[in-house]
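Here is a briefing on one protein chain. Look over the sequence and the fold before reading on.

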Amino acid sequence: MTFEIDAGHAARIEAFHRSFAIERRKLWFQTVIYGALLVAAVVFSAIFSGFSFGELMSGLPDAWRYISSTFPELHYATLGHDLGEWYWNLPRWLELLAETALMSFVGTMAGGIAALLLCFSASRNLMRNNTLYFLSRRFLELARTVPDTVYAMIFVFAFGIGPLAGVLALAVHTTGSLGKLFSEVNESVDTKPIEGVMASGGNWPVIMRLAVLPQVLPNFMSYALLRFEYNIRSASVLGIVGAGGIGEELYLSIRQFDYPDISAIVLLIIIVVMAADLSCEAIRHRMISSESLRYTP
């Protein structure tokens, strides 16, 4: 059996190939242009920032020399004694690590609640009042633009040295960061549930509660867990300015050149961050499984 292609069909095929060739050339041209712009941006940034590859390579041995000096001397014959000398202050460090984790948890909870309250008014598709939308967006920008370390110094001056300053600093910065992420999630919601609640006479808070929140809550929880992991790392640094946690002890060890203590504390921080990451990953997977079962027909 033979198939004959009429002139019209052949012309359409030829037009398709020409159009495909034009689009391919256009894509290649755009790739070259954007690649050149990216390379130029990197080069100019390196020049104006004073980055030097030679200085980087010459400084790497010194960096490794400093890191290697923090490693303790462990011997197989006296391993127990050496580990005991390395972690001589373990009970105190564990107490400060627990304080750091609790600071992160409370700061994330407080910031997450504040972000949840502000994210709906900061979403263009959900807030028709331009003034309230503008104020919400600017407040979230202010909260996340200032580094949490600066907030910690302000709160240490206001409330004194201790974990309260760290919790407040984490809460304010978390509000700005999660508020932006939550509002961006809100701007991609399906409008049909919103129209249904509006048709039944629901006001704005009811629409947010019944039509928007069920759609975005899994993403909100995922972002909040990710922020909790980040806050544990941030809380480990806030102690440097007196905001509580393990950071103050780490900073003291660095200033006193107690090199084995530096590696011991850093290793404990890494273990805590890894534990938090694994726990949050398990919670996220459980949430995803629950959502899949809920919508399985």
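The points below run from overall layout to single residues.

This is a predicted model. The protein chain holds 11 helices and 0 strands. Its radius of gyration is 28 Å, whereas a compact globule of 297 residues would have one near 19 Å.

**Overall layout**
- Reading along the sequence gives the pattern α-α-α-α-α-α-α-α-α-α-α.
- Along the principal axes, the C-alpha atoms of the protein chain fill a box of roughly 90 × 60 × 45 Å.
- Take the contacts with a separation of 6 or more: residues 24 or more positions apart account for 73% of them.

**Surface and charge**
- Of the 297 residues in the protein chain, 31% are buried.
- The protein chain carries 21 positive and 25 negative charges.

**Helix 1 and A11**
- Helix 1 covers residues 7–49, and A11 sits in it.
- Is A11 buried, exposed or partly exposed? A11 counts as partly exposed because its relative accessibility is 40%, and that class lies between the 20% and 50% cut-offs.
- A11 and A46 are 35 residues apart along the chain. Their C-alpha atoms are separated by 52 Å.

**Nonpolar cores**
- In soluble globular proteins, nonpolar side chains tend to be buried together.
- Which residues have the most contacts inside the largest nonpolar core? They are Y87, W93, I246, I265 and I269, in a core of 18 residues.
- Three helices each supply at least two residues of this core: helix 4 (90–119), helix 9 (204–238) and helix 11 (259–294).
- Helix 11 gives the largest share of this core, with 8 residues.
- Another core, of 17 residues, lies apart from the largest one. Among its members are V189, V197, I207 and V212.

**Contacts of I269**
- I269 is one of the residues with the most contacts inside the largest core.
- Leaving out residues up to four places away in sequence, I269 touches L97, S236, I246 and L250.
- One of these partners, I246, is also listed among the residues with the most contacts inside the largest core.

Methods: Residues numbered from 1 in each chain as written. Predicted model: local features only at pLDDT ≥ 70, side-chain atom pairs only at ≥ 80, totals over all residues. Heavy atoms only, no water. Helix = DSSP H or I, 4+ residues; strand = E, 2+ residues; numbered from the N terminus. Rg over C-alpha atoms; globule rule 2.2 N^0.38 Å. Buried < 20%, exposed > 50% of the residue type's maximum accessible area, 1.4 Å probe, protein only. Contact = heavy atoms within 4.5 Å. Lys, Arg positive; Asp, Glu negative; His and termini not counted. Charge placed at Lys NZ, Arg CZ, Asp CG, Glu CD. Core = buried A, V, L, I, M, F, W, Y, C linked by side-chain atoms within 4.5 Å.
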